[in-house]
There are 2 protein chains.
Amino acid sequence: MTRYYINDLLKKGKDANHEEVIVKGWVRSFRSNRFISLNDGTSLGNIQVVVDFENFDEELLKKISVASSLKVTGTVVESQGKGQEIEVLAKKIEVYGEVNPDELQETILQPKKHSLEKLREQAHLRFRTNTFGAIMRVRHALMFAIHDYFNQKGFFYVNTPIITGSDAEGAGEMFTVTNFTLGEEPRNEEGAVDFKEDFFGKKTNLTVSGQLEAETAAMGLGKVYTFGPTFRAENSNTSRHLAEFWMIEPEVAFNDLDDNMDLAEDFMKYVIKYALDHCQEDLKFLDERYKKTQEEKPKNERAELGLIERLEYVLNNKFVRLSYTEAIEILKKSKPNQKKKFKYLIEEWGADLQSEHERYLVEKHFKSPVILFDYPAKIKAFYMRLNDDKETVRAMDVLFPSIGEIIGGSQREERLDVLKEKMQKMGVSEEELWWYLDTRRFGTVPHSGFGLGLERLVLFVTGMSNIRDVIPFPRTPKNAEF
Amino acid sequence: MTRYYINDLLKKGKDANHEEVIVKGWVRSFRSNRFISLNDGTSLGNIQVVVDFENFDEELLKKISVASSLKVTGTVVESQGKGQEIEVLAKKIEVYGEVNPDELQETILQPKKHSLEKLREQAHLRFRTNTFGAIMRVRHALMFAIHDYFNQKGFFYVNTPIITGSDAEGAGEMFTVTNFTLGEEPRNEEGAVDFKEDFFGKKTNLTVSGQLEAETAAMGLGKVYTFGPTFRAENSNTSRHLAEFWMIEPEVAFNDLDDNMDLAEDFMKYVIKYALDHCQEDLKFLDERYKKTQEEKPKNERAELGLIERLEYVLNNKFVRLSYTEAIEILKKSKPNQKKKFKYLIEEWGADLQSEHERYLVEKHFKSPVILFDYPAKIKAFYMRLNDDKETVRAMDVLFPSIGEIIGGSQREERLDVLKEKMQKMGVSEEELWWYLDTRRFGTVPHSGFGLGLERLVLFVTGMSNIRDVIPFPRTPKNAEF
């Protein structure tokens with residue numbers, strides 16, 4: 001007798017007819033004391049278990065209810081009912097775990113529509129809901145596709161440190177990591193907290209980016225990527241920010257900015273195609289869901305494209321490549337700028353672009369993903385390569401429909417003297433980054449890389465609108481439950 | 001003209017003869033003003049570039065030295081010399097980055113033998129050394145194999161939180177994460193630090209394990225695994241401990257301990273075979289290195305098996321499965337116990353096993369990897385399933401030659417009442433783990449999982465002896481450089 005995962009059994013379909021099988025899972029519904037929908041997490045779909053209640057002990061049947069867990073032994077038969085090809089005619093049922101219906105009422109497992117907010121409050125149970133289950137399977141597929149892509153292309157996965165003694169990059173506010181008992185820190189002679197006494201012998205933080213360390217790795221291994229958690233101690237309670245999120249940062253020796261753009265485009269298309277190919281059922285479900293949420297919006301706020309449509313739209317369009325300077329010209333002349341519909345009007349070169357501008361370029365003007373490059377040096381980080389005009393740097397942002405910037409990257413400044421000058425100007429400590437500067441001392445080479453926030457990608461692919469709904473246990477201001 | 005990564009060109013070998021190519025990389029050596037060994041990190045092997053110095057500008061040649069970086073355009077020819085099949089006859093050389101020889105002297109890039117300790121001090125440069133480069137490529141292959149294995153088996157990768165509000169698991173001492181300025185924490189009316197004012201509104205730590213959260217995911221998705229950084233604030237300055245390391249934790253609904261042992265054995269064999277198949281050149285190099293380090297030891301301390309031999313030994317042996325009770329009997333009667341050669345003598349049932357005992361079982365008694373199971377409840381964690389004897393729990397440890405325990409796991413206690421009793425006895429807060437207990441309330445099922453420390457695995461596969469040499473930027477007491 002074979003134990004089947006439900007996904008495998010549903011895939012086998014009629015070929016499994018007459019087979020004696022075992023299935024295990026959780027009850028999603030139990031209708032008419034006869035039809036059990038059983039789910040084991042391997043897929044969105046349930047297997048229908050048919051119970052001839054006349055042949056089963058009444059006491060046993062009473063234990064079967066929504067959310068309870070079962071082991072079912074039975075025979076696969078063609079289904080008489082609609083909605084499924086096959087079903088399992090139960091011969092024997094074992095109940096692993098019963099459920100108290102009063103307790104169930106308080107949970108999101110109670111079969112009725114629950115708000116996403118309620119799901120978040122019970123993040124430990126939402127893995128068992130259709131929506132979150134689908135999101136988690138898609139998230140998995142995207143993560144695997146990312147590793148698969150880089151491995152195929154000869155990149156080495158490098159784990160950059162989470163706890164870091166450097167706070168030089170300035171990508172955002174950092175959390176402190178300490179082994180002191182808070183409020184009882186030892187003091188030095190001057191009365192200041194004596195960080196020499198702390199675990200690492202100095203002040204340490206949670207990383208905001210592995211890029212600088214990844215650069216050192218790329219200077220030896222050629223092509224590397226990081227994929228790990230990063231942190232921001234910013235008090236942004238929005239649907240787009242997390243205090244803890246996962247980031248992917250490839251870094252490639254000898255790549256210039258054009259190579260970097262090629263890599264970003266090829267990479268994004270690969271992982272999105274992978275999800276489309278491997279998550280058809282879940283994406284179809286999320287597509288339907290997305291359609292419904294759009295219909296609830298006022299007409300002028302609805303997305304033009306459906307979820308799967310917008311994924312295909314990314315695959316089927318060559319990303320437009322456009323300099324920042326050209327973008328500013330387009331935006332200045334654009335209708336929403338002329339008619340003052342933008343919240344932030346574009347008046348002159350040097351302005352930082354907002355999501356509304358990015359989306360205008362992608363959704364209205366080009367109707368294609370866009371890569372903007374050569375941004376003003378002033379609004380970008382110190383490590384980006386200065387152009388000959390001395391005003392712009394070899395930065396690039398990849399802009400997607402609905403969400404705007406999804407990737408940010410650059411060619412790095414490989415010239416030691418230019419880099420040092422830049423650091424001085426921007427107040428970045430040379431002393432702290434001695435090791436970073438070393439890579440420019442000992443055989444420096446042109447190199448480039450970019451960063452992709454995983455959760456932004458998952459938002460884009462699943463059509464969800466709140467970033468808290470695409471990570472298992474979101475960390476946000478005042479929230480570190482579980 | 002094709003730009004080749006050096007690995008690809010070496011693989012192509014004579015088939016590339018007469019091709020016009022571009023190669024880029026760092027100079028490993030420059031002999032007789034004529035022979036350049038060039039490496040780009042894609043492999044241990046270098047490509048030899050031959051320079052007809054008569055045809056090159058003297059000023060240019062002066063810029064080429066060890067560690068400098070080049071772009072070489074030339075023709076592939078069969079090599080006249082020994083040690084390589086092909087070489088590149090240079091037509092044009094561009095120097096990306098020169099190196100000051102005085103500065104180079106201070107670094108590990110200076111071509112001579114450096115201690116592993118010196119390599120650690122220059123962790124940002126050691127990616128460019130043969131040994132660390134090989135380790136990093138093997139580490140990558142192992143990490144990819146892990147994702148590949150679980151993906152093939154239908155597991156979903158789940159990112160459990162790094163910052164956690166719970167410190168209930170008791171796997172080890174935890175680091176504190178805070179957004180307070182240390183020494184200036186706000187106080188409440190009682191004068192205690194007011195954690196309500198902190199970023200998350202409560203005291204938060206860095207995770208020591210994602211297991212409990214992974215269990216909640218497995219209760220919905222069926223088969224999951226985590227793969228992320230974990231932390232221990234323990235002041236252990238040994239060659240086996242890191243404050244920050246990467247851990248893999250699969251968790252499977254409906255698996256009992258036998259299934260768990262099957263999974264652990266199959267998984268370990270898969271990833272080790274993957275490394276053997278994909279890292280032949282690097283493992284051969286590390287095998288040689290291992291042999292030399294063994295020869296430097298006194299005879300009685302030398303390992304019986306070579307590095308590759310011991311990997312094959314794991315593949316070719318069925319893991320012996322043995323209860324803790326049987327193990328104690330064997331150890332009690334063993335020669336080193338009788339002759340008091342063990343540092344910790346085994347006197348009675350209940351003793352915690354040390355590495356020396358584990359290695360005796362594996363290396364001397366069984367000559368095979370061993371899985372010990374059914375440990376005394378007293379020495380194991382609260383969540384492990386209690387056996388009917390009430391004295392032992394369904395724990396398992398996988399023991400390997402040279403390093404002892406490499407995997408620890410268990411079948412989890414799925415019975416709510418037994419779990420609660422256990423928590424009470426062991427002082428684990430029910431209130432804090434309300435969400436964990438919920439999984440036993442709403443359709444509880446038998447389930448199992450285990451944890452593997454990535455760096456322990458990399459130590460085993462590379463034959464290195466200090467854990468600081470198998471992670472890019474090790475975090476240890478008083479050390480968080482880079």
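A salt bridge is counted where a side-chain nitrogen of Lys or Arg lies within 4 Å of a carboxyl oxygen of Asp or Glu. In this predicted model, the side chains of A:Glu481 and B:Lys202 meet in such a salt bridge, at 3.7 Å from N to O, and the rule finds 2 salt bridges across the interface of chain A and chain B. The model is predicted, and local features need pLDDT of at least 70 while side-chain atom pairs count only at pLDDT 80 or more, although totals for chains, interfaces and linings use all residues. Residues are numbered from 1 along each chain as its sequence is written, chains are lettered from A and ligands numbered from 1 in the order in which they are written, and side-chain values use heavy atoms, with hydrogens and water left out.

The contact between the chains (heavy atoms within 4.5 Å) takes 113 residues from chain A and 112 residues from chain B. The area buried between them, that is, the accessible area (1.4 Å probe) that two parts lose on being put together, summed over both, is about 9,200 Å², and carbon and sulfur atoms give 65% of it. In chain A, the residues that lose the most area to chain B are A:Phe199, A:Phe254 and A:Phe442, together 9% of what that side buries.

Within chain A, the axes of helix 8 (residues 280-295) and helix 9 (residues 307-316) come within 7 Å and cross at roughly 115°; axes are lines fitted to C-alpha atoms, for helices over the stretch in contact, with angles running from 0 to 180 degrees between N-to-C directions, and helices are DSSP runs (H or I, at least four residues) numbered from the N terminus. The two helices of chain A, helix 8 and helix 9, are therefore roughly perpendicular to each other, a term for angles of 65 to 115 degrees.

How values were computed:
Angles under 35 degrees count as roughly parallel, over 145 as roughly antiparallel, 65 to 115 as roughly perpendicular and the rest as oblique.
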